[in-house]
Amino acid sequence: MSIELIVVLLVAPLVGFLINGLFGKWLKGSEKLSGWIGALAVLVSLVCSIIVFASLHGGAAPFDETLYEWITGESFAFNIGFHVDALTAVMLLVITGVGFLIHVYSIGYMHGDEGYTRYFAYLNLFVFAMLILVLGNNYLMMFVGWEGVGLCSYLLIGFWYDKQSATDAGKKAFIMNRIGDFGFLLGMFTLFAAFGTLDFGTIFDAAEADNFQKVFGASTLVIATLLLFVGAIGKSAQIPLYVWLPDAMEGPTPVSALIHAATMVTAGVYMIARSAVLYEIAHTGQVVAWIGVLTAFFAATIALTQNDIKRILAYSTVSQLGYMFVGVGVGAYASGIFHLVTHAFFKGLMFLTAGSVMHAMANELDMRKMGGLKSKMPITHWTFLVGALAIAGFPFLSGFWSKDEILHSAWGSSPIIYGIGLVTAFLTAFYMFRLIFVTFYGESRVDSEVASHLHESPPVMWVPLAILAIPSALIGLLLGWGGHDSWFHHFTKSVFPDAHHDASGNVIVFMVISSVVGLAGIAFAWRRYSKRVPSDEPTGALHRLLTNKYYVDEVYNTLIVQPVKNGSQFLLWKLVDNGIIDGIVNGVAALIRFVGGLLRRLQTGLVQAYIISMVLGIVLFLAYYLFFT
Amino acid sequence: MALEYYLVLSALLFTTGVIGVLIRRNAIIIFMCIELMLNAANLAFVAISRSLGEATGQVFVFFVMTVAAAEVAIGLAIIVSVFKHRQTINVDEVNSLKG
């Protein structure tokens, strides 16, 4: 592994972005070319990632090298440097692998769109930023990537910028992320104040050293890790900042698959896994785990009653991210990252199939207007089924392995967390199969006009679906066989501190319980929704509460948005801006005008008046020199 | 003759010129008064030059006369053009620069 390889890996999507971004106008004539340039750029990264992975798997030592010094001062230096270990390699494969398939899929999905080249430019820029985030060897580079993906997320959510709801959703996501990023920034400041550097290696070594706690006290690390976690809450859509993610579904569907399911939203999980040493010392993992499990449960209950297929998937993503935080929170870092990997595949797959349905249904998202799509769109149906079985924890499919590992580790940490997680697993299976039964089975409720051009998607779309379905089904078995002795755990062992939280109890028992719960959820959904359509009107108080998503948006609106708006309008705008700031500026101008008015009188326009003043002046000077010096 | 006589004459001529510039309104007259002031200065130059027995002052006079000639050419041109525009050379009526 050499630094050149890493640079090529990183820069390829940037080149794609520059080509599509700068020369998009000339590429507009040939859509396909523009799309394939974007996909090719990511393919280059994918190939490099595979080489990196192979060399690490072959036993190469983790790679840590500085490319160049970025910012230097008297007492600090920030470098552009890369750290590549097993964790990075896993993330690289997920980003470029899923990313490449989604680029290819987008070539078909975005066909005929006004902003085709702009779309691929943004998408490549996103991959570039995400790669910076995972490749950096210090918190500053991670932050650069962190902000970069946030920007691309904003641009892509508001991609159809002539739609009011899309631009609103973009702004909402951006502002919510800003709150989180503020926490991340403060966390970085805290770390810098304590360690004088932001390099991972230096910080982790110093934190583990004995004298650190004596010098700074444990509270420094507690504050730093909690502030960093605030950043993760924003980026990874956890309580209380999760509300932007469901709205982010306004963007194109492949964007939801890539950014808002597979990669960007998992950045928080990656960050905590990367900072595992700090969380171990500070013992703040419990906070992470509790926020995670509450989010998992909360989001899953909302997903029960939604009728918009992309929104169900969005709440499901929030819920699954909660699981990942439970994993990294209870110290099972490898399990959390493992779930990140499997989730990236099956959730990416499900979003893409949802996009395929939308493509066929003229952008209809309400599943009450679908039904019976199985016969019309067999590939879409089968691939979605694979994804749903995987997420529901059907035995031996991906989600079964990763979710079970997390739950197993959670049991060792706190049985309550395990219990809530298990209930959430049941809810997950239920809402996913509710979605499947209502959408793909039963009577067709499609409008006759839409039904006439109902068709399976073109190959450029279904081939990526089929390819993604394979890892979605099998990756858990391949990487996760053997639980805590699995290949994945061995591969990532060197990265994480020793997981001393390893759960007790027989693994087989936990697996059986999880499977039964998942199957029960599926069966329950079949009983309730195989013949019936969700009712239009909520049937009770609880149902109404869930349909309205616990009124969280409304509460935020009343408690935060409106006061800020009013404060801005009356205090900041009318009083401070119009009154004080404009008052000062206009006051200065008025004063100068007044003084000018006085001085103006000197200019009489009479030449002789000027001459008299000149002569008088000369006479006075002469008198002075003659009589006083 | 003593130097003082020349200098007194020169001062008288200069003062006449200054007063003329200050009190007259006709641009041509003002112009002539300026010439008077220049020549008063010339007279002082020549007188002092002679009294010191040195030629420098006389050389200055030639310079002043040259400059005065150029000034007359330009000044008269300005007065003609002002008259063309305003049909007057009364300086009180030419007051566009009034603030």
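**A strand pair and a chain contact**

Colleague: Which residue is the bridge partner of T72(A) in β2(A)?

Modeller: A77(A) is the partner of T72(A) there. The model is predicted: local features need pLDDT of at least 70, side-chain atom pairs count only at pLDDT 80 or more, and totals for chains, interfaces and linings use all residues. Residues are numbered from 1 along each chain as written, while chains are lettered from A and ligands numbered from 1 in written order.

Colleague: Why are β1 and β2 of chain A said to pair?

Modeller: Pairing requires at least two DSSP bridges between two strands. Strand β1 (residues 63–72) and strand β2 (residues 77–84) of chain A have eight, in the antiparallel sense, so they pair. Strands are DSSP runs of E with at least two residues, and helices runs of H or I with at least four, numbered from the N terminus. E65(A) faces F82(A) in β2(A). Four residues lie between β1(A) and β2(A), and the two strands form a hairpin.

Colleague: What makes up the contact on each side?

Modeller: Chain A gives 12 residues and chain B gives 10 residues, counted where C-beta atoms placed from the backbone lie within 7 Å. On the side of chain A, helix α28 (residues 607–628) supplies the largest share, five residues.

Colleague: How confident is the predictor in chain B?

Modeller: On the pLDDT scale of confidence in each residue, from 0 to 100, chain B has a mean of 91, and 99% of its residues reach 70 or more. The model scores ipTM 0.80 and pTM 0.81.

Note on methods:
Contact = placed C-beta atoms within 7 Å.
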